[in-house]
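This report describes selected features of a structure, chain by chain. Please keep the sequence and the model in view while reading.

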Amino acid sequence: MSTAQKTLEEVHELEGPPVLVGRPGDRALTESLLEPVLGRTRRGWLLLLLALGGGVTFWLISLGATFAIGIGAWGNNIPVAWAYDITNFVWWIGIGHAGTLISAILLLFQQKWRTSINRFAEAMTLFAVAMAGLYPIIHLGRPWLFWWLIPYPSTLQVWPNFKSALPWDVFAISTYATVSFLFWYLGLIPDLATARDAARDRARRVVYGIMAFGWRGSARHWQHYRIGYLLLAGLSTPLVVSVHTIVSFDFAISQLPGWHTTIFPPYFVAGAIFSGFAMVMTLMIPARRLLGYRQVVTERHLENMAKVMLATGLMVSYGYVMEHFIAWYSGNAFEQFAFLNRWEGRYRAIWLAQLFCNVVAPQVFWFRWARRSEVVLFVVSILINVGMWAERFVIIAVSLTRDFVPSSWANYAPTWVDWGLLFGSISMFGTLFLLFLRFLPAIPIFEVKELRRELEHGGPGVHDAGPGHAVEEVRS
Amino acid sequence: MRAWVLGEFEREAALLAAARTLRARRAHAPERGSAADMKLDLHSPYPLHGADEALGLRRSTVPLVALGAGVTGALGGYLLQWWTAGVDWPLNVGNRPPHSAPAFIPVTFELGVLFASLAIFLGLLFAYFRFPRVHHPVFEVEAFRSASIDGLWLSAEVDGAQAEAIASDLRALGARQVSIVGEALR
Amino acid sequence: MSALFTPRANGIFKAVLVILVAGAGGTVAALMGYARVPYGTGQQEQIQQPVVFDHRHHVQDDLIDCRYCHTTVERAPSAGIPSTELCLNCHSQVWNKSPLLDLVRASWFSGQPIPWVRVHRLPAFVYFNHSAHVNKGVGCVECHGRVDRMAAIEQVAPLNMGWCLDCHRDPYPRLRPLEEITSMTWMPEGDRAQLGRELARKYDVKPRTSCYTCHR
Amino acid sequence: MPSLGLPIYGQQSGLDARRWRTLEEHDAGAPPASREFQPGADLAPEGLGRRSFLQLLGASAALGGLAACQVPREKLVPYVRPAAGVVPSVPGAYATAASDRGYAVGLVVTSWEGRPTKIEGNRDHPASLGGTDAIRQALVLDLYDPARLAGFRHDRRDLSWGAALAELGALARAHEKDQGARLRFLVEPTSSPTLADLRARILRRFPRARFDAWSAFGEGQAREGARVAFGRPLDAVHAVGAADVILSLESDFLAHDGDPLRHGREFAARREPANLNRLYVAEAGFTVTGGAADHRLRMRSADVLGFARAVAAELAGRHGLGALAPLGAPAAGPHAKAAAAVAADLARARGRSLVLAGAAQPAAVHALAAAMNDALGNGGKTVTYRESVVFDGAGGGVRSRLGALATELRDGAVDTLVVTAWNPLHTAPAELGLRESFPEVRSSIVLAYREDETVRAARFRLAQAHFLEAWGDLRARDGTATIVQPLVAPLVECTTEVDLLAAFAGVGQLGAYRIVRDGWRARAGFGPPPPPAAGREAAASPADTNRGVPRDPFELRWEEWLSAGLVREGAPAPATVALDAERVARAIAAVPAPAAGLEARVVPDARLLDGRHSENAWLREFPDPVTKLTWENAALLSPATARRLGIASGDEVELARGGRKVVGPALVVPGHADDSVTLPAGYGQRVQGAVGRVAGFDAYPLRPADDPPFAAGLEARPTGRRVLLAITQGHFTMEGRAIALAEDASRLGEAAHRLDELRGAQPTIHAPADYSKEEYRWGMAIDLSRCIGCGACTVACQAENNIPVVGKDQVLRSREMHWLRVDRYYEGSPEDPRSVSQPLACVHCEAAPCEYVCPVNATVHSDEGLNEMVYNRCVGTRYCSNNCPYKVRRFNYLDYRGTVAPSLKILQNPDVTVRARGVMEKCTYCTQRIERARISARNVGRKIGPDEAVPACAQACPAEAIVFGNLNDPASRVSRLHGDARRYDLLHELGTRPRTAYLVKVRNPNPELA
């Protein structure tokens, strides 16, 4: 026993904490993971829901104002025709990238530690994309005509313009939303079946039964299921990259100084992952505490995610540097002015905030203690969320305030509706997430069971294994 | 009339072994009744390694479906853009050529992915799994609820006459509990 | 011990799925259809005019040329709705006691115009010019149909953008000699498209499909 | 309205207005009958009407923008009797004239079935030459103003015109016994021959009555100056085009003084490198003329005389113009060097030079200018003098105009005061005490267009007819007359000055039409008019006048006059003059030496003049040509002075002088003279409508009791409060970018090489589309050298294209909708900069960045290369605006159509779609005019002629700086300009290949002052 403890500590030293603490039996595991879903409603959950309800109301009022009054209810103007609307859109879409990334790419790379957090991240993706998907519609001057962006045989005999990046967006966003949903739901099916069978009251059983489509864990199904799931992951991986690339085209293909930048696609994708992981962290840390997922979402997960944030943060910083370098190197006066304007212009504060949040803050993750401290992780992840929003605002709105012809320069100031749509969408996002936590298994139960099997497979589990073994297991 | 024989096993190894044995018997010992049309299946809360081989399943065709759908989507996507922008009404848009391939890449790609994904999901649920199938004889057995929690089950769909024989086989192979669901019961 | 769902549940579930999908697709299809059928384009709308004016009688029996009443069709965007005075050019002599024409006479004496109901209705952002078409060989009948057979004027063409474009892209089968412009019955012998090409050359017909041709 | 019961030549449809007016009452919602013929004008998804006054007040009255979706079956309402000469859906054009400080500006007004919608200049009229200014363009809006006065009231009793006429008649008779000793008239200065006749008649009937003329910023000083110099009040007519060297002594002759439109045209013609003139401007405030100057010498208004004398002294001393010796005084101060250079320049150009004095300057300056012109031998060459055709009362300064009347009023010596001058209670100096004495007058009769302070105080108020509703006549400075003919029957019960004076002349029942017509019959030497009955008969039935030859031979002439808008008969010949240097010297000596300290200059506002246009929303939102300030006025001062006083732009300041205080925002204007504060008048009236109330402060209290309207002794201190000023241009320097280029004539040579980088073909992936095969390749050229930056084009565009007014609030959010803006850039030190004005609308790029980003193909290219914006396809992503490097696109952020009075709905140009909420819009090169020209040309199988398709901006431009035409026609002016050595493309490096080319502004500075 003592040796076991010792080895365990050694393992910690060498490899960091395990991806799964202890070896609970399948039934125990199922019960603990389904407790939030099948158990009683928690008071904290209710209070939180009520609190967010207020935000959602604000959101609905702002939406109402936007439709009734028109885009004029916002602070947008000429030249700043895009501001909070598109900023929020890009921000949410970016956040929406972590889910698929964690599920798909990490799955392809056989990263065991992804297992317990992927559903979580996917749900977040779905809700983020839902929030994002709203803006391309409501930002229209005549939103009731949004379907003109869809190619369908109309009596006007006019078609959308596929040379514009916006129809690309339409396809990218809708595809991304669809695929993310399919991926998420496919993963849910076996767990829905579990919920169906584990639930005590008939009502729950029926509902989950219907949602499970009659899954019965048949080996013949598992065979296709696994291959299909893997394929979806394989498809999502280029998809997730393409989506933010296309979003970045909205700006890259224009010729506005500050938008017209070839580095945008990789830089936007990195930024997306950056903000996405930050948001997962922001949601994971409290959830882990409240819902007792500590066992399956271990320090190992937090630490790895911190590493990813550090890496992507550095990529984003590199993007900032390159933007400036190219602006200088191009010798183009307009470009140069656009970037000087970030340092000296009216919106300097936002630019500096962006630098602090996205470049400086993540650097603490060089230190292990920071990577393992829930507090530090939580604070920094919040900072990154803010920073990434600022980045999009600086790129989109600030670039627009100062373009080619000085006579048309003008500044931008948001209205209460702008704020309502920002904070409101955050509340709505939170609400959806709370409902998800309450009614669907947030941790993929069957995958955890599989993981446990795999950990045991090469011999008995970590606890009663020699260090050598343990090292392998945990590394796998 | 058909019947389903269900047996729950303690350990994966036993389960897989049982499956192999039954298949082997079906192959070599026809004298034990016409079990040729026996349809074996395993039920577990998570995919079992070696189940495919134990049941002798052929390689899955899902990838082909995905590929087909993906290519269709991509092709369709490009044709749509080429025809609408280049043929049906070629407009002078900012002096760009009506049919400008580079601009058509994103939509082409997205549609490819979309079609492939839909094909996989819908294919799995409705073609491969034949869902929705919220009712299935195996659900008749209350104990079978464990199949999605921690139970390891073997189900054999056989002619009613064979049911008892298979059941005893399963017990012999170490099944913890065995039950028979006959069509009559449904 | 009984299962959660009865065997019938499978069937019901399938049925529901089918209905949902078909319903969604059907709605879209229906809407797109509606925009194309005469009912949707308002072609079958029956319109009550304040005065019972019968084009059949005036065109067929009296052989009055369209341009006698629609005076500005050759020189203005609008074909022109006849003034009360114009009606009375004849009806001060004929039918000058007919109760059918009470409103016309009333209008003349009171100075209150006759409020006819518009039948051919284009959106505000569409600028159709009669003279531009009539002077280039597009006959009345091409868009307004056999007015000489209409008791009450009805809309015979869908009047949607696609319909306009079809002709602007291929006007030839719809061109006619200027002297036949108001004829309801003119039919050339031989290939009309061929004749159309010659007329197009003769009248220098250059239909454009640039947006500003109709939208300003 | 007797006068209007009679027909107008070719205008019967106008008279039919009565018919559709009743229709309006009958069914206010429905558009007027004749509009129904307009496919473009009926109620439809894009809806109709705009400019909700709620919105003008900033309230977002756009809720329910989602409404207008259902198309009702609307009615087709034909005429009962066809209006001869009117083809429904085809606009007619009619000649008339508007008054500018009493003089005629010849106009041609577009009318749709009797609805005037657009005002343009009359090419043949000497004071217009086809051009117009922003104010003239905006006058048509007043016509439909739902807030205008209607009807006649006497002590709160509403009267019919008949009753009013009777009461006026009785009142007049009552004055006969004392020969009108207690009868006074206060009128606008006017050149109307008819009104002159009526005045004469009235004075014959009431020998002891008196007419005074008043407008706050008249030309009294100029005529007084002429009186000093030549012995009688003459009008100086300046041939700006004939002058090689021009010295303006604070004369804003390109925007306000003299015949600005004619000056502009002539001046512009001399700004082409071939035959450049040189302009020196000595002024305090930065004016349009100052912006066009080669040398702008900023000095307080009070110091202008000193400078002029310095120049005179130089001319006398160095250049042998001895005659000026007694008038000159040696140069002092900073401008000595300039004075010498100017003098040398003037002397070199004897007979080809010109000195002008500003209307605000005292008579002495005008006299001195006259003397200098005389000495330089400019008389008869660049300046001629004419007997003034304007009735100006006593003339001269405020005191000589109003002093007598004010005293009489104070002493209660006036029983009846007839006021047709605009709002004297607001504009007259408070020292005269009109505000106190006027209400005491037993019967005060005021003829006014809108409710104002004077109207409020009057016992008897008469609603005035808009000039597009009224019969009258006016003369131009050179004596050419124009008959003012109405285009539409009055929209409300109202009358005219002619009818009013006629009532006192005892011929009220005749009506303006008869009076004007008979007056001209007499002047043209025709026999006495036929008996009224016959005359009525002849005219009353449209048929007669239009079918066959009119019976009355005078008819022919009369019709000629009306259709041409010109009456050449009876124009006085130039006067021969002899200068009286003595009197000039005495006048100069009489002018007190300029006092030290901060100077207050109360000036007519560029948009509202003395305030009479205060309720005109187009003018309110029209950016001031210099400051680009909209909706309100501000105290304008130089950066140095602002620094000294611790004031920044937008600071609210309290300005005090002679015990009077006003509070308003300050605005720092580069190039303004130091120690001088310019205060545009006309704002902040005590009685205002919805538009006027929006913003602005009254500057009149700071105006000195007598002319000149400037004086030292102003105190300014910031109150600490801030005012948000709605300025349409945020940044006035070019940041070293090649945007609006200006070059000295001497350096034009090397500039050409640099220009080659700003024009011509560029490497591009996609071969440029080939338009050479097209019949037309529309293009525009804007010559910055000609452009004076007056902004007439902006308002012309607004009127032509149904561009909404959005209100101060929206302008503050930089959401103004003007398709065509005139940018202004400063070069050099902020203290004394030079400026360039650049009209900028959509330049119709051949490789348009806006197009490829539109997701729904709502903006694409036409076969002729126009960058088309299709409102009805636009979903409003605003991506096009983001990607437009020129930022010339405008977005309907709110439902700017609003819900407006029917009267305003019928102002819309039926040929242009009224844009809905959420739709992008921009300059279309006035495609509606192109298409109209195309169709009328093709209907008769010919090509569009050179001047057939002219956009509103090019048509209005007094300087002909904007030229539009077919680039595929090598002979067209625009083709030649595109090939000009000064041509360059804006933001050429972006490879957008704009169809609008710019021509570099040429400056001609004096090397001696370099």
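What share of the contacts in chain A with a separation of 6 or more comes from residues 24 or more positions apart? The share is 81%. The model discussed here is a predicted one.

## Chain A as a whole

Chain A contains 18 helices and zero strands. Its C-alpha trace extends over about 80 × 50 × 40 Å along the principal axes. The radius of gyration is 24 Å, which agrees with the value near 23 Å that a compact globule of 476 residues would have.

Of these 476 residues, 66% count as buried. The accessible surface of chain A amounts to about 16000 Å², and carbon and sulfur atoms account for 70% of that area. As for charge, chain A carries 37 positive and 30 negative side chains, and the centres of the two sets are 6 Å apart.

## A loop residue in chain A

Phe146(A) is found in the loop between α6 (115–138) and α7 (165–198) of chain A. Is Phe146(A) buried, partly exposed or exposed? Its relative accessibility is 36%; buried means under 20% and exposed over 50%, so Phe146(A) counts as partly exposed.

When residues up to four places away in sequence are set aside, Phe146(A) touches Ile137(A) and Leu140(A). Ile117(A) lies 29 residues from Phe146(A) along the chain, and the C-alpha atoms of these two residues are separated by 36 Å.

Strand β3 of chain B covers residues 152–159. Seven of its eight residues are buried, so β3(B) is largely enclosed by the rest of the structure.

Which strands pair with β3(B)? One of them is β1 (residues 2–9) of chain B, which runs antiparallel to β3(B) and is joined to it by eight bridges. Within this pairing, Gly7(B) has Leu154(B) as its bridge partner in β3(B). Strand β2 (residues 39–43) of chain B also pairs with β3(B) in the antiparallel sense, over five bridges. Here His43(B) stands opposite Trp153(B).

## Chain D as a whole

Chain D has 33 helices and 38 strands. Its radius of gyration is 28 Å, close to the 30 Å that the globule rule gives for 1010 residues, so chain D is as compact as a globular protein of that length. The C-alpha trace spans about 90 × 75 × 60 Å along its principal axes.

Buried residues form 67% of the 1010 residues in chain D. Among contacts in chain D with a separation of 6 or more, 75% involve residues 24 or more positions apart. The accessible surface of chain D is about 31000 Å², and 55% of it belongs to carbon and sulfur atoms. Chain D has 122 positive and 116 negative side chains, with the centres of the two sets 1 Å apart.

## Buried elements in chain D

Helix α17 of chain D comprises residues 497–505. Nine of its nine residues are buried, so α17(D) is largely enclosed by the rest of the structure. The buried residues include the charged types Glu497(D) and Asp499(D), together with others such as Leu500(D) and Phe504(D). Just after α17(D), Gly506(D) adopts a positive phi of about 85 degrees.

Glu469(D) belongs to the loop between β17 (460–463) and β18 (472–475) of chain D. With a relative accessibility of 0%, Glu469(D) counts as buried. Pro490(D) is 21 residues from Glu469(D) along the chain, and their C-alpha atoms are separated by 5.3 Å.

Technical notes
Residues numbered from 1 in each chain as written. Chains lettered and ligands numbered in written order. Heavy atoms only, no water. Helix = DSSP H or I, 4+ residues; strand = E, 2+ residues; numbered from the N terminus. Rg over C-alpha atoms; globule rule 2.2 N^0.38 Å. Buried < 20%, exposed > 50% of the residue type's maximum accessible area, 1.4 Å probe, protein only. Contact = heavy atoms within 4.5 Å. Areas by Shrake-Rupley, 256 points an atom, 1.4 Å probe, with all protein chains shown as cover. Charge placed at Lys NZ, Arg CZ, Asp CG, Glu CD. Pairing = 2+ DSSP bridges.
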